[in-house]
Amino acid sequence: MRYSLLCAVAMFCLVHLDSYALQAPTSKELNAESLYYVTSRKASLYRDIERSKLYVQLAFREPITLLALEGSVMHVRTMDGAAGYVSKDEISNIWILVSKRRKLVTLHRGLEVISEFRADFGYNAYSDKEILGTEGNPDHWRTPEGAFYVVRKNPYSKFHRAFLLNYPNAEDATRGLRDGLINHRQFDIIMQAEKRGTAPPMGTALGGMIEIHGHGTGLSSNWTQGCVAVRDEDMDFMWTYVKEGTPVVIEK
């Protein structure tokens, strides 16, 4: 799966509907330089800059457009046209692009590249993840491709620090149900987790526990069980930028 930078920014703004369908802003609606998304789970949109008149509660990972920056307050508009004011620390335009072919992790602010890091990948680095990998079947220790987000930050990982991704996501659940890898109950649990912004079940036949973590070799070797590994100092650099809800696009 290939993404241009603009397409990648659009992909991380996927909006989950009650029908489990996915919808993204069109290119005409999308201004990548001003596009942000909600990273606080209890963000509020106010009618006035003093934030005394509550307008609406914003959804976790909801895409919004920056209209103006007013100190610690941002004037924003939601995708359905509601305009108001929100605290600056409740939204972000940070996202991560992972290229398996280039063996790179790129940290972005909008379309601006903040920094690039060399990375290691899964044992079978160039195939998309489909099922759980095991020691008896290491071919399926693969790094998944697609649009994900950080569902949890782990400062105590055995790999220094880690960002847990929401694999398997809705797309993986749909494929898994179609191919008979998961049942309807497992499908519903994965979809509900994605809707709530919580970690999906990691023990199904689809696999799980895909992270961006430290202890990377810096030599572009493929040794992980599907994770993306960077140097410890690179994880430390990204740690202050990345929040729960930060989008991660992984391309071939």
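Predicted model: local features only at pLDDT ≥ 70, side-chain atom pairs only at ≥ 80, totals over all residues.
Colleague: Why is α2, residues 170-178, called a helix?

Modeller: The name rests on DSSP runs, numbered from the N terminus, where a helix is H or I over at least four residues and a strand is E over at least two; residues 170-178 form such a helix. The protein has 4 helices and 19 strands.

Colleague: Which residues of α2 are buried, and what do they pack against?

Modeller: Ala170, Asp172, Ala173, Arg175 and Gly176 are buried, and the buried residues of α2 pack against β14 and α3 (184-196).

Colleague: Why are Phe163 and Trp239 called a stacked pair?

Modeller: Rings of Phe, Tyr and Trp (its six-membered ring) pair if their centres lie within 6.5 Å, and planes under 30 degrees apart count as stacked, over 60 as edge-to-face and the rest as tilted. Phe163 and Trp239 are 5.4 Å apart, centre to centre, with 15 degrees between the planes, so they are a stacked pair. Phe163 lies in strand β15 (residues 162-165) and Trp239 in helix α4 (residues 232-239), so the pair ties together parts that are 76 residues apart in sequence.

Colleague: How do you know that Phe163, Trp239 and Asn93 are buried?

Modeller: Buried means under 20% relative accessible area (exposed is over 50%, partly exposed in between, with a 1.4 Å probe and protein chains only). Phe163 counts as buried at 0%, Trp239 is buried at 14%, and Asn93 is buried at 8%. Asn93 has its place in the loop between β9 (91-92) and β10 (94-99). Leaving aside neighbours within four places in sequence, the residues in contact with Asn93 (heavy atoms within 4.5 Å) include Tyr36, His108 and Gly110.

Colleague: What makes you say that Lys153 sits over the ring of Trp239?

Modeller: The rule asks for NZ of Lys or CZ of Arg within 6 Å of the ring centre and within 35 degrees of the ring normal. The charged end of Lys153 sits over the ring of Trp239, 4.4 Å from its centre, and that of Arg41 sits over the ring of Phe60, 4.0 Å from its centre.

Colleague: Why are β11 and β12 said to pair?

Modeller: Two strands pair if DSSP finds at least two bridges between them, and 6 bridges join β11 (residues 104-109) to β12, the two running antiparallel. The bridge partner of His108 in β12 is Val113. The two strands form a hairpin with 2 residues between them, and Gly110 in the turn has a positive phi of about 65 degrees.

Note on methods
Residues numbered from 1 in each chain as written. Heavy atoms only, no water.
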